[in-house]
Amino acid sequence: MDAVDRKILDILQQDATLPVAELAERVGVSAAPCWRRVKKLEASGVIRRRVALVDRRKVNVPTTVFVAVKAPRHAADWSDAFRRVVAGFPEIVEAWRLTGEIDYLLRIVVPDIEAYDAVYQRLIAKLEFSNLSSSIAMEEMKYTTAVPTIYVA
């Protein structure tokens with residue numbers, strides 16, 4: 001991957017709808033080689049997919065809740081069950097397994113705290129937890145789906 005590929009990635013992470021001619025002009029190559037580079041990035045899995053980023057406030061899920069999860073035990077069966085449970089909740093938009101005091105961190109988006117409580121009740125009805133600790137986001141200071149390309153070798 002070279003500097004042109006990195007530029008292509010940087011631009012597409014901001015706007016994946018750009019026509020290939022405009023993308024090619026911005027990165028300084030002609031359209032056909034630019035298109036081949038994009039297709040190669042897709043084929044190699046660097047570009048996984050192209051999606052629409054939805055403004056969560058405009059679709060009535062303005063409240064973000066981070067939930068720190070402590071597992072009752074560290075066993076494959078519990079972890080597998082947790083993965084299945086998490087997959088069944090559209091409100092859970094991110095789930096991370098962590099090191100340290102917390103085993104998992106969930107990011108949940110909902111209309112309001114009442115809706116979060118309903119999600120919480122459904123969650124605890126499906127699986128046993130040692131502890132769930134919720135933190136309500138007060139302000140979104142930075143949010144991006146773009147990843148830095150400066151580390152690409």
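**Pockets and a strand residue**

1. By residue class, the second largest pocket has a lining of eight nonpolar, two polar and six charged residues. The model is a predicted one, and the points that follow should be read accordingly.

2. This second largest pocket holds about 490 Å³ of space. Its lining comprises 16 residues, and those nearest the centre of the pocket are Val 54, Asp 55, Arg 56, Arg 107 and Tyr 143. Two strands, E2 (92–97) and E3 (104–110), each contribute at least two residues to the lining of the second largest pocket.

3. A total of 23 residues line the largest pocket, with Gln 13, Arg 49, Val 51, Thr 145 and Ala 146 lying nearest its centre. By class, 13 of the lining residues of the largest pocket are nonpolar, six are polar and four are charged.

4. Thr 64 is located in strand E1, which spans residues 63–70. Is Thr 64 buried or exposed? Thr 64 has a relative accessible area of 7%, and because buried means under 20%, Thr 64 is classed as buried.

5. Which residues does Thr 64 touch, not counting those up to four places away in sequence? The contacts of Thr 64 are Arg 56, Arg 107, Ile 108, Val 109, Ser 135, Ile 136 and Ala 137. Arg 56 and Arg 107 are also among the residues nearest the centre of the second largest pocket.

Definitions and conventions
Residues are numbered from 1 along each chain as its sequence is written. This is a predicted model: local features need pLDDT of at least 70, side-chain atom pairs count only at pLDDT 80 or more; totals for chains, interfaces and linings use all residues. Side-chain values use heavy atoms; hydrogens and water are left out. On a 1 Å grid over the protein atoms alone, a cavity is a set of points where a 1.4 Å probe fits but cannot get out, and a pocket is an open set with protein on both sides within 12 Å along at least five of seven lines; lining residues have an atom within 4 Å of a point. Ala, Val, Leu, Ile, Met, Phe, Trp, Tyr, Cys and Pro count as nonpolar, Asp, Glu, Lys and Arg as charged, and the others, Gly among them, as polar. Grid points are joined across faces, edges and corners, and a volume is the space filled by probe spheres set on the points. Helices (H or I, at least four residues) and strands (E, at least two) are DSSP runs, numbered from the N terminus. Buried means under 20% relative accessible area, exposed over 50%, partly exposed in between (1.4 Å probe, protein chains only). Contact means heavy atoms within 4.5 Å.
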